[in-house]
Every structure is written in C-alpha cells, then in structure tokens.
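Biologist: Thanks for sitting down with me over this one. Could you bring it up so that we can go through its charged pairs and one of its pockets?

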Amino acid sequence: MNANPNVIPMQPAPSSLVRDFLARKPRLLINNEWVESRSGKTLPVYDPASGREIARVPDAGSEDVNRAVAAARAAFDSGPWSEMLPKAREALLWKLADLIDRNAEELAELESVDNGKTRFMASIIDVPGTRDYFRYMAGYATKIEGVTMQTSIGGMPGAKFHTYVAREPVGVVAQIVPWNFPLAMAAWKLAPALAAGCTCILKPAEQTPLSALRLGELIIEAGFPPGVVNILTGLGESTGAALVAHPGVDKVAFTGSTEVGKIINKAATDTLKRVSLELGGKSPMIVLPDADVGQAVGGAAMAIFFNAGQVCTAGSRLYVHAKIFDKVIEGLSGAASAIRLGPGLEQSTEMGPLVSKEQQERVLSYIESGKQEGASVAAGGEALSHPGYFVKPTVLVNVKPQMRVVKEEIFGPVVVAQRFDDLDDVVKAANDSPYGLGASIWTNNLSAAHRLVPRIKAGTVWVNCHNMVDAAMPFGGFKSSGIGREHGRAAIELYTESKSVCMLV
C-alpha cells in the first residue's frame with residue numbers, strides 16, 4: 001500500500017491479454033473488416049499514469065470516412081439490417097452484452113491504461129454499466145410503437161380516413177464520444193441507435209480509442225452484419241469534422257465540450273442533419289443547514305473527485321449554509337488530502353491521473369487563475385513530481401462569483417466552495433451559469449427539497465446523492481448543456497423519425 005500520498009508508484013505491467021491487444025497493428029473497423037487508413041497515418045496512445053506511448057491507432061482521413069459511410073449506408077438502405085426482425089436485433093444486443101461480461105477483466109484493464117482511471121473503478125462501474133446498458137436498450141428493439149388517431153379532416157363529406165403515426169429509424173448515425181468514460185459513452189450512443197434500427201459510425205476520442213476498438217471486435221464476434229457498426233479513430237478536427245459534413249450521414253450524436261458542440265451544431269445545418277448534444281456542466285451542490293454533515297462531506301467528495309473530476313455532472317460548485325460551512329470544508333479538505341493517487345493498475349490507488357498532459361495543464365492553469373484572483377487553497381492545488389498527469393484533489397475557498405474557477409467548467413478534481421445564508425440567494429447563484437446539466441440538494445427536510453427542485457434549472461436534480469445515473473432516467477441538460485435526452489424511451493426518440501400516414505378508405 002502507498003502510505004505517502006505524495007509518492008506515486010510506477011504503473012504495474014498489464015496482463016498478457018492487454019499486452020497482445022496493444023501490440024496489434026493499427027486498424028479501422030469498416031464493413032466488418034479491420035483495414036488500414038488510406039493515408040497510413042497513425043496517432044499515438046499514451047498511458048496517463050506514466051506519459052509513455054503504449055499503442056498507435058489509425059488517423060482516419062476523408063477517404064476512410066467515405067468508406068465507412070458507404071458501408072453504413074448500404075447496410076441501412078439495402079442490407080440485412082434493414083430487413084432484420086426487431087427480436088433479432090434484440091438478440092444481437094444481448095449477445096454483445098454477454099461478450100462484454102465474458103471479457104470484463106480485459107476491458108476494465110484497457111479502460112484503465114487508456115484513460116487513467118483505476119481498474120477497480122472500471123470493473124465495478126464502467127464495464128458492468130456498459131453491459132447493462134446494452135441489455136436495457138436491447139428490450140426497446142421490440143417495443144417501438146406508433147399510434148392511431150381520429151382525424152377531423154373537412155371538405156370531403158362522407159370521407160373516412162385511417163390515420164396513424166409510425167416511428168422509423170433515422171438512418172446512418174455518426175457518433176462522436178468523449179474520453180472520460182470511453183466504453184460507457186460508446187454504449188450510450190450505440191445501444192439505442194442499434195435497437196432503433198440505425199447503422200452507426202463511431203468515433204472514439206483520440207486520447208482513448210482502445211476500448212472502443214476492442215468493443216468492435218466483440219461486435220463482429222456477436223454476429224452483427226457488415227456495415228452496421230463502423231469504428232474510425234482519428235482527430236476531432238479532421239475525422240470528426242468529415243463525419244459531420246458528410247451528406248450520407250443522417251444524424252450526428254455528440255458528447256463533449258460545449259465549444260465543440262456549438263461547432264458541430266453549426267456545421268450540421270449545411271445538410272440539415274438531426275443533431276443531439278450532451279455537453280458541459282458546472283453542477284452546483286446545495287447543502288442546507290439541516291443536512292447531515294458527514295453525509296454531505298462524503299457526497300461532496302464523491303461528486304467532485306470521482307473519475308478525477310472528469311465528469312460532465314461533477315459537483316464542482318459547492319454551496320454550504322454558513323451554519324455548517326466550516327465543518328463541511330474541514331471534512332472535505334481532510335477527505336481530499338487522504339485520497340491516494342496512483343496508476344490505475346495499482347491496487348491501492350484511489351484516484352488516477354488526468355487523461356492527458358493537455359488536461360493536466362488546463363486544470364493547473366485554472367487553479368493558478370483562482371489563486372491569482374484571490375481564492376484560497378484548503379486542500380491540494382498542485383501537481384505531483386511524477387511523469388504521469390496527476391493533480392491533487394483540490395478544494396478552493398474564498399471564491400467570488402465572477403472568478404473563472406466559478407464560472408467555467410474545469411473538468412478536473414477541483415471544487416469551489418461558497419457559503420450562503422439565504423435560500424433565494426443560493427438558488428440565484430446556482431442558476432447563474434450558462435450550464436444546466438446536473439445539481440444536487442442535501443437536506444433532511446423533504447418539504448424544502450420539494451420546494452427547491454423546481455427552482456433549479458438542470459436536467460437532473462439529485463437529493464442527498466450526486467452523479468447517480470440509470471439507463472431508465474432521461475439524461476441531458478438545460479441551456480448550454482446540450483440538446484436532447486439520452487437513456488430510456490427518450491434515447492429511442494433521438495434515433496427515430498415520426499411518420500404520419502393518412503389513408504382515405
């Protein structure tokens with residue numbers, strides 16, 4: 001066990017399965033074949049715990065995008081996928097889930113060395129969550145329904161009409177996913193689209209492509225027809241942009257930063273593609289004076305330090321009533337200082353590194369900005385002297401509403417804490433953000449919680465918990481946090497079009 005939190009052990013060697021996977025030649029998945037990129041260009045993949053290159057993947061160009069779109073187009077328009085019975089799609093999704101379960105240890109390890117998160121956390125959250133998501137969405141393949149209706153069409157005396165609305169798959173979907181939960185985000189995109197009958201081109205983040213490529217192998221093993229799922233690795237500004245602009249793509253689904261989401265939304269208007277966006281957040285946690293201090297401390301620590309704070313709904317703004325502010329900050333600072341940092345494959349590690357050098361520098365620059373504007377560091381506030389991309393869990397106090405650390409999404413293990421006295425003032429402060437993805441309320445007063453929930457402008461409001469996500473709960477945000485909702489029936493609606501049919505009988 002690592003007794004000194006300032007000393008980071010080296011990353012243990014990966015298993016033979018993972019070593020073999022990392023050593024494979026760089027390939028793209030197009031039409032159920034593993035092919036090289038036409039340009040032959042590749043991108044490095046780094047282990048965030050060491051900064052060492054561990055693999056290379058293709059850098060897909062416009063020709064590769066054309067090939068993938070053509071394969072997806074053929075599979076949707078005239079391939080076996082378009083004729084497949086819903087129960088057959090359901091069975092394939094279940095088979096894929098079973099294969100994920102069978103290869104869970106390897107997938108968790110890949111997720112760890114690729115993203116930096118601990119293998120333990122990936123094994124209890126990311127991988128089983130991915131498996132369960134495919135199983136949940138598989139059930140929707142046989143439950144996509146339409147409606148019939150009575151119409152009041154005039155001008156034709158005695159005429160009778162049979163009128164109904166059907167839901168049909170939107171078509172070929174380009175799906176661009178982020179690096180914070182690579183495998184789970186791939187599932188969030190693929191599972192409902194496949195259940196609805198769409199065909200897909202998945203582009204994982206260039207920082208974390210490994211688990212998506214392994215998932216592609218399992219998709220082939222499960223028996224999905226050629227062209228139904230294609231996987232292109234590459235840069236967002238080239239591969240991603242080519243997918244968004246391609247006239248053969250019917251819809252773009254993106255999860256990532258608000259800045260990139262705006263670019264995608266504008267670009268998609270040229271071809272009037274359907275677009276769904278799950279974007280950034282700056283989620284407030286509101287701790288009322290009657291809240292259990294111990295519960296609030298533990299909840300705040302989990303809300304911001306889980307996955308090294310690289311969570312779109314991370315509880316990055318903490319508002320605590322003045323009556324208990326000092327106790328909560330003391331407890332939270334102690335919890336932050338006690339977290340053991342280390343490489344993801346090390347068993348004693350509680351929090352891994354950030355995903356990249358770029359992200360580490362971004363987070364550190366925000367901390368420095370906060371200090372220069374007058375914030376005080378109650379815990380953390382710095383990197384470690386280690387080759388990996390580590391940042392200590394950080395608690396900032398004495399912050400002001402206009403500071404960048406309060407206004408902007410940091411996407412790291414940094415929480416800004418503010419005290420409040422008046423409930424109306426804290427509601428105003430919580431809503432004073434361009435984002436509206438998540439929020440949480442901490443109280444033992446059920447009436448107070450019910451009064452507060454409708455006043456908070458966020459897609460999800462948790463009470464006495466945070467970051468709790470379920471496949472049945474619609475997930476998405478208000479304001480600049482996105483367009484559309486994922487999960488549940490709402491996700492199926494993202495990947496279907498409604499068609500009204502009016503028949504004179």
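Modeller: Happy to! A salt bridge here is a side-chain nitrogen of Lys or Arg within 4 Å of a carboxyl oxygen of Asp or Glu. Please keep in mind that this is a predicted model.

Biologist: How far apart are the closest N and O atoms of aspartate 424 and arginine 455?

Modeller: Side chains of opposite charge can pair when their charged atoms come close. Aspartate 424 and arginine 455 form a salt bridge, and their closest N and O atoms are apart by 2.9 Å.

Biologist: How many residues apart in sequence are the parts that this pair ties together?

Modeller: Aspartate 424 sits in helix H15 (residues 423-431), while arginine 455 belongs to the loop between helix H16 (446-452) and strand S19 (460-463).

Biologist: Is aspartate 424 buried or exposed, or something in between?

Modeller: Buried means under 20% relative accessible area and exposed means over 50%. Aspartate 424 has a relative accessible area of 45%, so it counts as partly exposed.

Biologist: What about lysine 203, buried or exposed?

Modeller: Lysine 203 is found in strand S8 (residues 199-203). Leaving aside neighbours within four places in sequence, its contacts include Gln175, Val177, Leu232 and Leu243. Its relative accessible area is 1%, so lysine 203 is buried.

Biologist: Which side chain does lysine 203 join in a polar contact of 3.4 Å?

Modeller: A polar contact needs a pair of N or O atoms within 3.5 Å. At 3.4 Å, the side chain of lysine 203 has such a contact with the side chain of glutamate 206.

Biologist: Let's move to the second largest pocket. Which helix gives the most to its lining?

Modeller: This pocket holds about 340 Å³ of space. Of its 22 lining residues, the closest to the centre are Met121, Phe305, Phe306, Glu350 and Met351. Two elements give two or more residues to the lining, helix H6 (119-138) and helix H11 (293-305). The most, three residues, comes from H11.

Biologist: How many of the lining residues are charged?

Modeller: The lining of the second largest pocket has ten nonpolar residues and nine polar ones, and the charged residues number three.

Biologist: With which residue does glutamate 350 meet in a salt bridge?

Modeller: Glutamate 350 counts as partly exposed, at 41% relative accessibility. Its side chain meets its partner at 3.3 Å, N to O, and that partner is arginine 340.

Note on methods:
Residues are numbered from 1 along each chain as its sequence is written. This is a predicted model: local features need pLDDT of at least 70, side-chain atom pairs count only at pLDDT 80 or more; totals for chains, interfaces and linings use all residues. Side-chain values use heavy atoms; hydrogens and water are left out. On a 1 Å grid over the protein atoms alone, a cavity is a set of points where a 1.4 Å probe fits but cannot get out, and a pocket is an open set with protein on both sides within 12 Å along at least five of seven lines; lining residues have an atom within 4 Å of a point. Grid points are joined across faces, edges and corners, and a volume is the space filled by probe spheres set on the points. Helices (H or I, at least four residues) and strands (E, at least two) are DSSP runs, numbered from the N terminus. Ala, Val, Leu, Ile, Met, Phe, Trp, Tyr, Cys and Pro count as nonpolar, Asp, Glu, Lys and Arg as charged, and the others, Gly among them, as polar. Buried means under 20% relative accessible area, exposed over 50%, partly exposed in between (1.4 Å probe, protein chains only). A polar contact is a pair of N or O atoms within 3.5 Å; within protein, one must be able to donate a hydrogen and the other to accept it, and residues adjacent in sequence count only if both atoms are side-chain atoms. Contact means heavy atoms within 4.5 Å.
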